[in-house]
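Reader: I would be grateful for a close look at a single part of this model, with the cut-offs behind each term stated.

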Amino acid sequence: MSQFRTFILALVASFGLPWLCLIVIPAVKYQALTQVAYDKDTDGIEGLYPPAPINRQGQLVYAREGCVQCHTQMIRPTQLALDGWRKGWGMDQDARPPAPVRSNNMRDYLGEPFAFLGVQRNGPDLSNYGWRAPERALIHQMLYAPRTLHDWSNMPAFTHLYKERLAQGPVSSVALKLPKKFPLKEGYEVIPTPEAEALVDYLLSLKKDYPVPGDPAAVAAAPAAAKK
Amino acid sequence: MQTSPASTDTQADNLRRAAIDKSVKGPVLFLFLNGAFWLMASTILGVIAAITQFAPDFLGPCSVFQYGRIQPTHINALVYGWGVQAGLGAMLWIMARRSGQELRSGKSILYVAAIFWNIAVTIGLVAILLGKSTSMQWLEMPSFIWPVLLICFLAFAWPMVFMFGRAFRPEGFMVSTWYILAACFWFPWIFVTANVALHCLPGLGALGAGINAWYVHTVILLFFAPVALGAAYYFIPKITGQPIASSQLSQIGFWLLAVLGGWTGMQQYMGGPLPAWMPAVGAAASMLLLIPVGVVGLNHHLTTLGKHSMVASSPTLRFVFFGALFYPVSGAILALISNFSTGAVLQFTQASYGFQIVAVYGFFSMTIFGAIYYIVPRLTGCEWLSVSLIRNHFWFSVYGIGAIVVTSLVAGAQQGGDLNSPEMWDQDFMQLALNLRPYIIARAIAWALITWSNVWFLIHLMLMVAGLGRRSSSPTLLEHDHDEALSHAAHA
């Protein structure tokens, strides 16, 4: 019986060590993670970092639809991958920004109960989508009928997030402007449901490369839009 | 081979084995049959998921059939509907036999646990399809499901722990029961940790994603791998008639897996928001895991030296041999996707899905198929009906899983190359999507092959469980014109 006990103790010790070091202690220490204030003198800007959390209601829709299967939300450092050099993947939307997009750290995901870092990257990374996002109507069009914008796209058409209804009177201000050849019934319009609006709010809130306090090079490189 | 005094011992042995088989018959067959149904469902979902990835509108705009919902349903059905269930069936039988203990009481608890397991998995998967997915890898089922699964698992683990404690044959060292007991011990710990951390604690943000990745890897390495290895270490000596080559290698393989397995996982998010030491430790552990993987492979090889021809005749040995071969393969793929050089290229590509499937289907499932081909005739009292169905099952599974290994790795390399190609720095994802298409089509075909192999497996299994197998005292072998007669003890 003591052989059994030794065996169990050895299992506890061998698994317990990584369990403590990787899971339990970091989870406890995470509870102490908070926003950090910028220092006006060294950073040049005021406020807290990160300034604004993501839209949580929209994130619930993001989780429901399984967007993580194709989209990541994680910019990798330049020594590991090309993410930081891709056009439009950061705050600076210029064709060739002077500095690569900052790789993400834990505080960028503060306020999210679970960070949807992604499973595969079959579509663009979304961590800083809020900076390159077009107007709302176009985002809705991308969600409702992706192949009207990119005919090669494999993105599912989230038609259940929209209502097709008979247009009554003047066309609704939130109705999607779909191309003429899109097979929509005569007189019908497509309007977003509250879930779709929440999802778009969430996508617009995805801005994860605010400058890190105490990192002067990054702050200097960030354009004035950083204050938004 | 057997003298008079020895034959009385053999007779008593046979009676004891029969009593043990009879005591676990109901729960084990129930688990195997339900598992086979879920396997069928999961492979069909795998075909659909692959098709929706290159032809998103092929089943219409219905929300249920979208890739983001179908893919997690496919994987969860494979892991929880088939994997854990069939694993529990094999574990229960092997532990009972190896420890020489009958299952004396609590059979009805096991039935109830198995029924509730299946109900919970059904509700969970339907919930994912209807839009309640949590989008946490392998934990997409809604948060009310996991406590039910945990209790059902513990209901099965408890008698197994008892059996281990009261083993009839205390002499010698039983590596197969070590692995099975360890799996009983690790899975609840891992399951509770991940679910409590992700569903019960106040949000953990990016650390939550790291814990999720840790969960996926530790379930593969500390549940699926030990169960498959326990089965392999049990069946290979049993059928070849040769003892395990080296008990030292067995122990080294076991303890290295135990020590290293818990550290892996977070390298899935290398370069990400986690503290840098976490992915680094995970990558290092994954590379070091090549040692226990190689040690076990060597041990199996030395054990079967000279008996490789038996793979041609014994269905069990053929499946177990092939499955055990996939342990080093999955270990090699893990090393490829985990280190920071090739892993950074293969990160966020098809390669990680390929690893999960190779580990759960190529390694674990093929080994468990071998176990099922051995166990079921002894429980139902009849033999497998058709050699060609068994051959069909084997070869189409081999083709399918082989295709998935190759296409995932090549697709991963292609995808990773495109994602990191300096020439694509200002391009949209059109070229990547077009380059990937042939590999997704290949993946759909591979799952279709595996579906085909499992349709016949399911039918064959249903016939056996219904008692409609061959009435015979000699086992169904894949080849009969073989000089090498399998010893009697091999099919006891």
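Author: The model is predicted, so local features need pLDDT of at least 70 and side-chain atom pairs count only at pLDDT 80 or more, while totals for chains, interfaces and linings use all residues. Residues are numbered from 1 along each chain as its sequence is written, chains are lettered from A and ligands numbered from 1 in the order in which they are written, and side-chain values use heavy atoms, leaving out hydrogens and water.

In the model, residues 7-28 of chain A are 100% helix and 0% strand, with 29 Å between the end C-alpha atoms. Helices (H or I, at least four residues) and strands (E, at least two) are DSSP runs, numbered from the N terminus.

Helix α1 of chain A, residues 2-30, packs against helix α6 of chain B, residues 205-240, at an angle of about 165° and with the axes 10 Å apart. Axes here are lines fitted to C-alpha atoms, for helices over the stretch in contact, and angles run from 0 to 180 degrees between N-to-C directions. The angle therefore makes α1(A) roughly antiparallel to α6(B); angles under 35 degrees count as roughly parallel, over 145 as roughly antiparallel, 65 to 115 as roughly perpendicular and the rest as oblique. The crossing of these two helices, α1(A) and α6(B), is left-handed, meaning that the near helix is turned anticlockwise from the far one by less than a right angle, whereas clockwise would be right-handed. On the α1(A) side the contact (heavy atoms within 4.5 Å) involves residues including Phe15(A), Trp19(A), Ile23(A) and Tyr30(A). On the α6(B) side, Gly205(B), Ile211(B) and Trp214(B) are among them.

Thr193(B), in helix α5 (residues 175-200) of chain B, is joined to Trp19(A) by a side-chain polar contact of 2.8 Å. A polar contact is a pair of N or O atoms within 3.5 Å; within protein, one must be able to donate a hydrogen and the other to accept it, and residues adjacent in sequence count only if both atoms are side-chain atoms. A polar atom of the Thr193(B) side chain also lies 2.6 Å from the backbone oxygen of Trp189(B). Leaving aside residues up to four places away in sequence, Thr193(B) touches Trp19(A), Ile23(A) and Trp214(B). Thr193(B) counts as buried because its relative accessibility is 9%; buried means under 20% relative accessible area, exposed over 50% and partly exposed in between (1.4 Å probe, protein chains only).

Leu11(A), also in helix α1 of chain A, is buried, with a relative accessible area of 0%. With residues up to four places away in sequence not counted, its neighbours include Ala182(B), Phe185(B), Trp186(B), Phe254(B) and Trp255(B).

Glu112(A), in the loop between α3 (56-64) and α4 (129-132) of chain A, is buried at 3% relative accessibility. Its side chain forms a polar contact of 2.9 Å with that of Lys208(A). Glu112(A) touches residues of chain B as well, namely Leu204(B) and Gly205(B), and Gly205(B) is one of the α6(B) residues in the contact with α1(A).
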